[in-house]
Every structure is written in structure tokens, then in C-alpha cells.
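Subject: Structure handover

Dear colleague,

I am passing on the structure we talked about, and below it you will find my notes on what turned up in it. Please read them with the coordinates open beside you.

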Amino acid sequence: MIFALLLLAPLTANYFINRKQWSKINPIIACYVQKSKFSAVKISVIIPTKDRDAIFERTIDSLLIALDATEAEVIVVNDSTVPIKVNDARVKVMRNPSSGAAAARNYGAKIASGDLLLFIDNDVLVTAENIL
């Protein structure tokens, strides 16, 4: 069972978006999916970031621990000219310098391969209990 919620505010927190809806509706529909459905789908987590190395490292560390038993990919879209290195095969770091957070989210969604897209900011600490 999938529930949709119309959002009037811009995307700034954790929102699940179905890939088909993303291509048609853009980031105003958030889908909340039952936990039992997550075992059958792949999640793409998209994180736009720019020049916030210290908190970003904590975000990635907490996210990878939370996603340990989940089929997921993490796409980091770096909006800075300063390169970022993440040493984990599940994390793709893409460069999209000086384009802004919205363009970074759109770019990440375009290259994502998951069934569900999860957008989080680069200062969010995630646990397994609050990600699903």
C-alpha cells in the first residue's frame, strides 16, 4: 500500500519519491511506503552537499550504518569545486558545481537506479529506526 502526500513546502527533509512520479510530477509528491515493502525495492539516497565536510562525514557514516541490511545506493551530488572522497562502494560522488541544491537533487534523481528516491540534506543524522 503506497500513500501519497501533497507537499506545499520545498524539499528539505526526508521524503520518499517513487521514480515514476518523479519524472511526471517533480518533487511535490512524497510517498510513504510500508516497511515490509522495503525488502523488495532498491532505495537511492540522494544528498546534495557543498563545503560542509565535518557534518557531511557524520551524515554519510550514520547513513551507511542505517542502510547496512538494505539494498541501497547513495548518490552524493557535490555542488562545490572542492572534491569529496568517500571510501565505500555504495556511495557515488558526482560533481555539479555551483548549480544549487534543487539542481543537485534533480541531477541525482536522473542518475539514480533505485525504485524509491530518498532525499536528505547533508546535515541529517540517520538511524535504522528513522530511515524506514
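A residue is called buried here when its relative accessible area is under 20% and exposed when that area is over 50%. Please keep in mind throughout that this is a predicted model.

By that cut-off, Asn-122 counts as buried because its relative accessibility is 6%. Asn-122 sits in the loop that runs between β7 (116-119) and α4 (128-131), and its side chain makes a polar contact of 2.8 Å with the side chain of Thr-49 as well as a polar contact of 3.2 Å with that of Arg-52. If residues up to four places away in sequence are set aside, Asn-122 touches Ile-47, Pro-48, Thr-49, Lys-50, Arg-52, Ile-55, Phe-56 and Thr-59.

Apart from residues up to four places away in sequence, Thr-59 touches Ile-47 together with Ile-120, Asp-121, Asn-122, Asp-123, Val-124 and Leu-125.

Phe-56, another residue that Asn-122 touches, leads on to the largest pocket, where Phe-56, Glu-57, Ile-84, Lys-85 and Val-86 are the closest to the centre among the 13 residues of the lining. The volume of this pocket is about 200 Å³, and its lining is made up of 7 nonpolar, 1 polar and 5 charged residues.

Of the residues just named, Ile-84 may deserve a separate look. Ile-84 is placed in the loop between β5 (72-78) and β6 (91-95), and with a relative accessibility of 16% it counts as buried. Leaving aside neighbours within four places in sequence, Ile-84 is in contact with Thr-49, Phe-56, Asn-78 and Val-93, while Lys-50, 34 residues apart from Ile-84 in sequence, is 9.6 Å apart from it in space, C-alpha to C-alpha.

Turning to another part of the model, Ser-44 is found in strand β4 (residues 43-49) and, at 0% relative accessibility, counts as buried. A polar atom of the Ser-44 side chain lies 2.7 Å from the backbone nitrogen of Gly-114, and Gly-114 is also one of the residues that Ser-44 touches once those up to four places away are excluded, the others being Glu-73, Ala-112, Ser-113, Leu-116, Leu-117 and Leu-118. The C-alpha atoms of Ser-44 and Ala-109 are 8.3 Å apart, although 65 residues separate the two along the chain.

Ala-109 in turn is one of the buried residues of helix α3 (residues 101-111), together with Ala-104, Arg-105 and Gly-108. These residues cover an arc of only 135° around the axis, and therefore lie on the same side of α3. An α-helix has 3.6 residues a turn, so residues three or four places apart point the same way. On the face of α3 turned away from the buried side are the exposed residues Ala-102 and Lys-110.

For the overall picture, the protein has 4 helices and 7 strands, which follow one another from the N terminus in the order β-β-α-β-β-α-β-β-α-β-α. Buried residues make up 42% of its 132 residues, and among contacts with a separation of 6 or more, 67% are between residues 24 or more positions apart.

With best regards

Key:
Residues are numbered from 1 along each chain as its sequence is written. This is a predicted model: local features need pLDDT of at least 70, side-chain atom pairs count only at pLDDT 80 or more; totals for chains, interfaces and linings use all residues. Side-chain values use heavy atoms; hydrogens and water are left out. Helices (H or I, at least four residues) and strands (E, at least two) are DSSP runs, numbered from the N terminus. Buried means under 20% relative accessible area, exposed over 50%, partly exposed in between (1.4 Å probe, protein chains only). A polar contact is a pair of N or O atoms within 3.5 Å; within protein, one must be able to donate a hydrogen and the other to accept it, and residues adjacent in sequence count only if both atoms are side-chain atoms. Contact means heavy atoms within 4.5 Å. On a 1 Å grid over the protein atoms alone, a cavity is a set of points where a 1.4 Å probe fits but cannot get out, and a pocket is an open set with protein on both sides within 12 Å along at least five of seven lines; lining residues have an atom within 4 Å of a point. Grid points are joined across faces, edges and corners, and a volume is the space filled by probe spheres set on the points. Ala, Val, Leu, Ile, Met, Phe, Trp, Tyr, Cys and Pro count as nonpolar, Asp, Glu, Lys and Arg as charged, and the others, Gly among them, as polar. The arc is that of the directions from the helix axis to the C-beta atoms.
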